[in-house]
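Reader: Hi! Could you walk me through this model? I'd like to start with how the terms are set.

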Amino acid sequence: TTRVHPETREKARSLRKSLTKGEVLLWLELRDLRRLGLHFRKQAPIGPYIVDFVCQTARLIVEVDGDLHETDNGKRHDANRDAYLRSLGYLVLRLDHPDVLANPWACAQEVKAKGETRVHG
């Protein structure tokens, strides 16, 4: 089941108010993809997890990864999380925080390409 626990929903709500700089920059770009039918939600709860961005139409999740994801623990957690999300039919696209900071537009173009492929084949 993918029911979202009320605590997870509450945590997602507070995370929306404290995005990293990279997440803010990417969000500004992702909002522009709406006109293409790719509507993203930020800090969205899915089952026990909160994803950075999700487009339900494309079943596409975008994660902006910082240093925490480079540790063994972080990699293990991400692998379990990604496996769970894939089992629900999502594609998880991971972007490095420094890349997003350097060029949010280019990162959004990568997201756009994946999204359009998943929606339009």
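Author: Happy to! Helices (H or I, at least four residues) and strands (E, at least two) are DSSP runs, numbered from the N terminus. This is a predicted model, where local features need pLDDT of at least 70 and side-chain atom pairs count only at pLDDT 80 or more, while totals for chains, interfaces and linings use all residues. Residues are numbered from 1 along each chain as its sequence is written, and side-chain values use heavy atoms, with hydrogens and water left out.

Reader: Thanks! Where does Arg59 lie?

Author: Arg59 lies in the loop between S2 and S3. Its phi is positive, near 50°, though Arg59 is a residue other than glycine.

Reader: What about Gln43, what's its phi?

Author: Positive as well, about 45°, and Gln43 is not a glycine. Gln43 belongs to strand S1 (residues 40-46) and is buried, with a relative accessible area of 4%.

Reader: New topic: which residues touch the most other members of the largest nonpolar core?

Author: Leu26, Phe40, Phe53, Val62, Leu95 and Val111, out of 18 residues. A nonpolar core is a set of buried Ala, Val, Leu, Ile, Met, Phe, Trp, Tyr and Cys residues joined through side-chain atoms within 4.5 Å.

Reader: Nice. Which elements each supply at least two residues?

Author: Helices H2 (21-31) and H5 (104-120), plus strands S2 (49-55), S3 (60-65) and S4 (91-96). Another core, of eight residues, lies apart from it and includes Ala44 and Tyr90.

Technical notes
Buried < 20%, exposed > 50% of the residue type's maximum accessible area, 1.4 Å probe, protein only.
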